[in-house]
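Colleague: I am new to this structure and would like to go through it step by step. Could we look at it together, with one question at a time?

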Amino acid sequence: MRVKKRSKHRKTVKFYATCFGFREPYKVLIDGTFIHHLLTHRLLPADDALRTLLSASRTPSLFTSKCVLAELRRLGKSHAEAFDAAQLLAVTKCEHDKVVSAVSCFISLIGDKNPEHFFVATQDADLREKLREVPGVPVIYGLKNSLFIEQPSVQQRKFAQLDEEKRLNMDISEYKNLLRAASEGKTDASEKGCDGGQHERPMSSLVKNALGVADKSKYKRNRAKGPNPLSCKKKRPKPQSAIQNQGATADGEAKRKRVRKRKRGQKDTDNQAETAS
Ligand SMILES: [Zn+2]
């Protein structure tokens with residue numbers, strides 16, 4: 001049973017980590033009722049108990065608020081031990097100049113999105129019920145001498161699902177914007193044509209990309225462009241054919257003859273000129 005419970009808690013923590021970005025060291029916001037429970041059931045040291053509950057590798061940071069301290073002090077002697085223990089915790093800043101009840105203080109601290117990623121530890125049933133409606137607020141409570149994390153409520157699960165869809169949609173629109181920017185930058189018609197093809201990419205591949213799965217076509221295989229040069233004989237220079245050679249020599253001879261004739265003609269005319277003079 002104990003192993004089953006722990007794995008259930010681990011799953012819940014993982015849900016908040018993946019859907020709402022909770023990261024270690026976790027922050028736990030503790031109210032007076034929970035401190036009182038920890039003390040009466042001797043669940044001490046509290047940070048160790050919470051660390052095992054959250055299956056965390058690092059000790060979580062424990063917080064309380066000024067309003068909680070004021071409430072514990074007001075309760076007098078019956079909660080003196082709880083007040084002393086609460087004073088050892090870090091005090092998170094709240095906006096209440098005039099002290100309010102711990103419930104309304106925590107609700108204002110959490111807001112509508114729990115930006116500080118607090119786990120809220122409380123025994124107050126009203127507060128727990130109110131927090132179930134806020135997305136991204138894991139609630140810790142105690143039953144006798146064991147601690148529990150509430151399973152994410154239906155609203156929280158729905159919100160996480162919606163959020164995931166939003167993220168996917170945003171990725172697709174971003175992707176389209178990128179494509180548009182790329183096609184505007186290019187002047188080559190063929191490249192534009194290529195982009196047009198990409199616009200019509202199937203939805204499934206976009207979803208895969210959003211999930212970080214690489215496109216297969218991205219990795220093109222280098223195919224051989226010819227036979228392996230190491231397994232071929234070296235190319236030998238082609239021996240010129242005899243006929244070509246003959247033709248070449250015949251051509252050369254004819255040229256030479258023509259030149260000789262011209263030179264001879266020149267010489268003759270020179271001689272004639274000399275004799276004439
Ligand atoms: Zn406050």
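**A first walk through the model**

Modeller: Of the 277 residues in the chain, buried residues make up 21%, where a residue is buried if 20 or more other C-beta atoms lie within 10 Å of its own, exposed if 12 or fewer, and partly exposed in between, with C-beta atoms placed from the backbone. This is a predicted model, in which local features need pLDDT of at least 70 and side-chain atom pairs count only at pLDDT 80 or more, while totals for chains, interfaces and linings use all residues. Residues are numbered from 1 along each chain as its sequence is written.

Colleague: How many helices and strands are there in the chain?

Modeller: Helices (H or I, at least four residues) and strands (E, at least two) are taken as DSSP runs and numbered from the N terminus. Counted in this way, the chain has 11 helices and six strands.

Colleague: What share of the contacts in the chain with a separation of 6 or more comes from residues 24 or more positions apart?

Modeller: Two residues are in contact if their C-beta atoms, placed from the backbone, lie within 7 Å. Among contacts in the chain with a separation of 6 or more, the share that joins residues 24 or more positions apart is 63%.

Colleague: Which residues of α2 are buried?

Modeller: Helix α2 spans residues 32–40 and is mostly covered, since seven of its nine residues are buried. Just after α2, arginine 42 takes a positive phi of about 50 degrees. The buried residues of α2 are Gly32, Thr33, Phe34, Ile35, His36, His37 and Leu38.

Colleague: Which residues of the largest nonpolar core touch the most other members?

Modeller: A nonpolar core is a set of buried Ala, Val, Leu, Ile, Met, Phe, Trp, Tyr and Cys residues joined through C-beta atoms within 7 Å. In the largest one, which has 39 residues, those that touch the most other members are Val28, Leu29, Ile30, Val120 and Ile140. The largest share of this core, five residues, comes from helix α6 (residues 102–110). For one of the residues named, isoleucine 140, the residues touched, not counting those up to four places away in sequence, are Val28, Leu53, Phe119, Val120, Ala121, Leu147 and Ile149.

Colleague: Are α6 and α7 roughly parallel or roughly antiparallel?

Modeller: Angles run from 0 to 180 degrees between N-to-C directions, with axes being lines fitted to C-alpha atoms, for helices over the stretch in contact. Helix α6 packs against helix α7 (residues 125–132) at an angle of about 20 degrees, with the axes 10 Å apart. Angles under 35 degrees count as roughly parallel, over 145 as roughly antiparallel, 65 to 115 as roughly perpendicular and the rest as oblique. The angle therefore makes α6 and α7 roughly parallel.

Colleague: Which residues of α6 and α7 make the contact?

Modeller: On the α7 side, the contact is made by Asp126, Leu127, Lys130 and Leu131. On the α6 side, the residues are Val103, Phe106, Ile107 and Ile110.

Colleague: Are α4 and α5 roughly parallel or roughly antiparallel?

Modeller: The axes of helix α4 (residues 66–74) and helix α5 (residues 80–87) come within 8 Å and cross at roughly 155 degrees. That angle is why α4 and α5 are described as roughly antiparallel.

Colleague: Which residues of α5 do Val68, Leu69, Leu72 and Arg73 in α4 meet?

Modeller: These four residues of α4 meet a set in α5 that consists of Ala82, Phe83, Ala86 and Gln87.

Colleague: Where does proline 45 lie?

Modeller: Proline 45 is joined to leucine 44 by a cis peptide bond, with omega about -5 degrees. Its place is the loop between α2 and α3 (46–54).

Colleague: Where is the place of proline 25?

Modeller: A cis peptide bond, with omega about -5 degrees, joins glutamate 24 and proline 25. Proline 25 is found in the loop between α1 (2–20) and β1 (27–30).

Colleague: Is lysine 144 buried or exposed?

Modeller: Lysine 144 is in the loop between β5 (139–143) and β6 (146–149), and has a positive phi of about 55 degrees although it is not a glycine. Because 8 other C-beta atoms lie within 10 Å, lysine 144 is exposed.

Colleague: How far apart in space are leucine 43 and lysine 144, C-alpha to C-alpha?

Modeller: Leucine 43 lies in the loop between α2 and α3, and is partly exposed, with 19 other C-beta atoms within 10 Å. Leucine 43 and lysine 144 are 101 residues apart in sequence, and their distance in space, C-alpha to C-alpha, is 9.7 Å.
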